[in-house]
Number of protein chains: 2
Amino acid sequence: MDDGLSVGIADVRAAAGRLAGIAHRTPVLTSRAIDAMVGAEVLFKCENLQRAGAFKFRGAYNALSRLSDEQGQAGVLAYSSGNHAQAVALASRLLGIPATIVMPTDAPACKLEATRGYLEGCGELVLYDRAQTTREALAERMLNERPLTLIPPYDHPDVIAGQGTVGLELFDQTPQLDYLFVPCGGGGLLSGVATVAKSECPACRVVGVEPEAGDDATRSFRTGQLQTVRDPETIADGARTPSLGEHTFPIVLACVDEMMTVTDKELVAAMRLVFERMKQVVEPTGVLGLTGLIKSSSEGRLKRGSRVGVVLSGGNVSWGAVYQE
Amino acid sequence: MDDGLSVGIADVRAAAGRLAGIAHRTPVLTSRAIDAMVGAEVLFKCENLQRAGAFKFRGAYNALSRLSDEQGQAGVLAYSSGNHAQAVALASRLLGIPATIVMPTDAPACKLEATRGYLEGCGELVLYDRAQTTREALAERMLNERPLTLIPPYDHPDVIAGQGTVGLELFDQTPQLDYLFVPCGGGGLLSGVATVAKSECPACRVVGVEPEAGDDATRSFRTGQLQTVRDPETIADGARTPSLGEHTFPIVLACVDEMMTVTDKELVAAMRLVFERMKQVVEPTGVLGLTGLIKSSSEGRLKRGSRVGVVLSGGNVSWGAVYQE
């Protein structure tokens, strides 16, 4: 591509074609209470209602559906503590591709259980102890043994293009946004959605939001140099990624307008708001965007009366972790 | 009416006209996991996403909008431990009618808080201690002192007609249901929805579901004699009503096909299922219908491959009651 970026709007449109009738076109919900609270009209893109409970299904399915027959027969490998694992497991099941998924033993129980369910009869779940080995080392060993194709959780053009379809749908459902707040871990969702925003609604200000403890993307964005935070302590388990990637970083630099951080305490307050006012179950990582919006509004940095898009990116939070039984 | 019932389909249609553009036309959601579990195609009518978090807004708004100018100026009185209180408070606010709401001090915190919010500047919240007095005694004293109109929580034709609009929308969104599972407390929602089902889809089997500890409606239905259970011990706080009413009981007898009960333990399992698989927050009373469906299926009483409607009636459950902070 002439802009030097790994993904363009045409790639996202092609991904949308592959996902049509397979991924859910998730609804856009609104809340008068939250509108009143932030002084804006907020449109929530509910990827917590996506198949396998998060936007990750889009990128995984898009990537898997682009494999050659040979690659598909040999199978895929993915490592993830959560939503990417479930997404690859489900996508491989749907496409008839054998999958090997590597997850840490301390991944959220609901994510382990769901991944195991999707893999039943068509794949393998490999658990590892984070204290004993790294997933990269384990994956490397497996890739040396078998001709598997690695499906990375975010830093891959097909994954990014798939995640971008969240934005394509949102701008179709609610044109003319003034702002768009998007969760950021490794930047797959953010770079995909920002690619779409710059094409479909150039005036829309795209804001990426990450946990304060893992502020690598915000510092990378501000310095122009890739920064790393290993194993940040945050309840946003989907955003514990060490850094942006070689594909996502240039897109974030080119297409995102602002990066900001929020605290775990602010994330819990936003989860509660979504629970009480919208009756939606959204995981900590999933409310990063809303939390950033609330913070921007309370700091007076949001134009009153704006139209604001917020991606609620996933809903995979264990009942046992939240509910007292 | 020639069938002797207090509410007919024409009343529900008229209510729908009054609610148009004011109540939400709530979405119908589905879940592949739950379909597979019960062996049927299940269509969930999400009244947890209704304004004020439950179907009750429909009946309250319909009843309030039918008051005379004089009645409206004098104001309304409602007593409720929960969703009816919030519903009347919000409807009165929207219609500019002063409201006095009587609630017990031990009502769920989120319901007290929300009711107080809606009443701000346009009504009054009166709290009472359940150990000291009954809400009926308190309400009677207030009605003697002031010319208020009492808006009952379920046993009123305008309230029933308003609740019936849930069914009108559902049959419009998903025609041809084989079964429809509906929560039952005092029978306002059940009788309204059953009225619609008998008119729009006579072959649809309407099943009312109530908590086992408060099985008054099931026994009333089976014996043809009104039965009463005072203060049943159940987590389904919206179904702690002592009995069906003089308007709802005849409609339940005429239009409902089956009544059944479920335990609190079964309700919690269903809440968990809806939380984990549908990412929806639904209160214990709100999952009565789904719980009845799961039970019917596991007992082999559901035809495989059926199309089944389920009303998720409300989502007002306190975060503080369920979240470990």
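Student: Which residues is B:Ser80 in contact with, leaving aside its neighbours within four places in sequence?

Tutor: Contact means heavy atoms within 4.5 Å. In this predicted model, B:Ser80 is in contact with B:Ala85, B:Val102, B:Met103, B:Pro104 and B:Arg135, leaving aside neighbours within four places in sequence. Residues are numbered from 1 along each chain as its sequence is written, chains are lettered from A in the order in which they are written, and side-chain values use heavy atoms, without hydrogens and water. Local features need pLDDT of at least 70 and side-chain atom pairs pLDDT 80 or more, whereas totals for chains, interfaces and linings use all residues.

Student: Is B:Ser80 buried or exposed?

Tutor: Buried means under 20% relative accessible area, exposed over 50%, partly exposed in between (1.4 Å probe, protein chains only). B:Ser80 counts as buried because its relative accessibility is 6%.

Student: Where is B:Ser80 found in chain B?

Tutor: Helices (H or I, at least four residues) and strands (E, at least two) are DSSP runs, numbered from the N terminus. B:Ser80 sits in the loop between strand 3 and helix 5 of chain B.

Student: Which backbone nitrogen does the side chain of B:Ser80 reach at 2.8 Å?

Tutor: That of B:Gly82. The backbone nitrogen of B:Ala85 is 3.2 Å from a polar atom of the B:Ser80 side chain.

Student: How many residues of helix 3 of chain B are buried?

Tutor: Nine of the ten residues in helix 3 (residues 56–65) are buried, including B:Phe57, B:Tyr61 and B:Leu64. The buried residues of helix 3 pack against several elements of chain B, among them strand 3 (76–79) and helix 5 (83–95).

Terms used: Polar contact = N/O pair within 3.5 Å; in protein donor to acceptor, adjacent residues only side chain to side chain.
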